[in-house]
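Here are my notes on this model, as numbered points. Please read them with the structure open.

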Amino acid sequence: MTDPVVDRIIAHLARVATGEVPEAARAVAKAFIADTLGVGIAGTAAPWRREVLDIAAASGGAAEANVWGTGEKLPLAAAAMVNAYQIHSQEFDCVHEGAVVHPMAAILPSLLGCAEREGGISGDRLLRAVIAGVDVAVTLGLCSRAPMRFFRPSNCGGFGAVAGLALLADLDETQTRDALGIYYGQCAGTMQAHVEASPQLAMQMGFAARAAVTAIELARRGMPGPRAPISGQFGYFALFDGAADPAPFDELGRIWRISELSHKPWPSGRATHGGLDGLQRLIAAHGITPDQVAAGRFLVPALTYRLVGRSPHEEMTVAYARLCLPYVGVVCLRQGTLGLGDFSREALDDPDTLALARRLTVIADDNPDPNALHPVRVELDLFGGRTAACDVTDVLGCPARPLAPEAARAKFAACGAPAALWDAVKALDCHPDAGSLARLCS
């Protein structure tokens, strides 16, 4: 049995391993590696991180890879799980908006941990593996033609991690096919965690990274996997997507998906960012202050409504608040922006914030695309009878409106990441040992 999508993945990995990768893709890859490492280091402060680390360390094992930010040494699969959790736990990691996939959360911890364990893997080789992994993860997400039921960011990210690891570990074609099939047997993560704003949302990223490492280790030891994990009768397209078109895989090697990723300027669900961007534009254009706002509306696509259209309430959890557009919108109205410090218990319980948040509503528009996050329209009704409105199509941080280099560097610093790490990532393609990046993370 064969899988035409897996055939395309195998061919693409062979091209990326030895062929030319555009300089633009390499430069963007370094930018998102730095961003992901910074966000991962900030994730040491996330809720439940201590418990995740405890369970990862409980079984012991070889000291193979660093936990970012605190430096514990764990077996590769365990370290990849913790680091992936840290990356996604604060909703600050990069995203491909069209695919609705956060590819780096599962990919980078797996690949960098592997480079650290193996030693002597060059920065150039790591870059190629990251770029190839992102291509696979994003392209798989772009194939979907149905609303999300399973948690696509972790499911697709895990496939991308397997692809990147296969390139990094020099798996042959048979082993790579096995690894993709073995990963599919562990593929999990549903949208129920998102609906409930559960910390399991980020944990699903950790599970995907751990599963990718496990798949590679079994495949390199000769264990076979299913041969049609994506296109088969019970493959990913049929069971996880429900409706899919594999045509985007024909573009592998022509379109470098890492160049389509978006930075997150704010630590909240990307689906909130169109609203935040619109609020900042209205504040700048009209000098609007919170006391002027009688009511407000965010008119958004159906997916955005599903993801962040929840109502604010007392005793919101941090995870819930990050996915609550009225809450993060009011913080933006009151402060002009949103930062990592705006999710403390004191901030979440602030009565003035909650009172104003209850005056903001999220409304689903008639956008027919089940995977669209934007465009978004923001309307603010002001006391006195005037309404200010703004339409947002290209959200800050996307390729059409990229985060300025100084803003990306400021975000990295705000995450508590060391300047030496930033400099090392920028010189990564010249580095003989990419694993040394992990040591700078601790």
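1. Start with Arg221. At 62% relative accessibility, Arg221 counts as exposed. The cut-offs are these: buried is under 20% relative accessible area, exposed is over 50%, and partly exposed is in between, with a 1.4 Å probe and protein chains only. Arg221 sits in the loop between helix 10 and helix 11 (236-241). Its side chain makes a polar contact of 2.7 Å with the side chain of Glu217. A polar contact is a pair of N or O atoms within 3.5 Å; within protein, one must be able to donate a hydrogen and the other to accept it, and residues adjacent in sequence count only if both atoms are side-chain atoms. Gln175 is 46 residues away from Arg221 along the chain, and their C-alpha atoms are separated by 8.7 Å.

2. Basis of the notes. This is a predicted model, in which local features need pLDDT of at least 70 and side-chain atom pairs count only at pLDDT 80 or more, while totals for chains, interfaces and linings use all residues. Residues are numbered from 1 along each chain as its sequence is written, and side-chain values use heavy atoms, with hydrogens and water left out.

3. Helix 10. This helix covers residues 200-220, 21 residues in total. Helices (H or I, at least four residues) and strands (E, at least two) are DSSP runs, numbered from the N terminus. From first C-alpha to last, helix 10 reaches 30 Å, close to the 30 Å expected at 1.5 Å a residue. That expected span is 1.5 Å times one less than the number of residues. Helix 10 is mostly covered, with 15 of its 21 residues buried. Just after helix 10, Gly222 takes a positive phi of about 100°.

4. Strand 5 and its partners. Six of the seven residues of strand 5 (residues 376-382) are buried, so the strand is largely enclosed by the rest of the structure. Strand 3 (residues 293-300) runs antiparallel to strand 5, and six bridges join them. Here Val293 has Leu382 of strand 5 as its bridge partner. Strand 6 (residues 387-392) also pairs with strand 5 in the antiparallel sense, over six bridges. Two strands pair if DSSP finds at least two bridges between them. Asp381 stands opposite Thr387 in strand 6. The hairpin of strand 5 and strand 6 has four residues between the strands, and Gly384 there takes a positive phi near 110°.

5. Largest pocket. Its volume is about 250 Å³. Of its 15 lining residues, Ala31, Phe32, His263, Pro402 and Leu403 are the closest to its centre. On a 1 Å grid over the protein atoms alone, a pocket is an open set of points with protein on both sides within 12 Å along at least five of seven lines; a cavity is a set where a 1.4 Å probe fits but cannot get out; lining residues have an atom within 4 Å of a point. Helix 2 (23-42), helix 18 (405-414) and helix 19 (419-426) each supply at least two lining residues. Helix 2 gives the largest share, three residues. The lining divides into 11 nonpolar, three polar and one charged.

6. Second largest pocket. About 220 Å³ of space lies here. The lining has 15 residues, and Ser89, Ser198, Pro199, Val318 and Ala319 lie nearest the centre. Helix 4 (76-88), helix 10 and helix 14 (318-322) each give two or more residues to this lining. Helix 14 gives the most, with three residues. By class, the lining has nine nonpolar, four polar and two charged residues.

7. Cavities. The whole structure has four cavities of 30 Å³ or more. The largest cavity has a volume of about 160 Å³. It is lined by 17 residues, and nearest its centre lie Glu91, Val100, His102, His194 and Leu307.

8. Two further residues. Thr353 is in helix 17 (residues 351-357). At 5% relative accessibility, Thr353 counts as buried. The side chains of Thr353 and Arg334 are joined by a polar contact of 2.4 Å. Asp433 lies in the loop between helix 19 and helix 20 (436-440). At 22% relative accessibility, Asp433 counts as partly exposed.

Technical notes
Grid points are joined across faces, edges and corners, and a volume is the space filled by probe spheres set on the points. Ala, Val, Leu, Ile, Met, Phe, Trp, Tyr, Cys and Pro count as nonpolar, Asp, Glu, Lys and Arg as charged, and the others, Gly among them, as polar.
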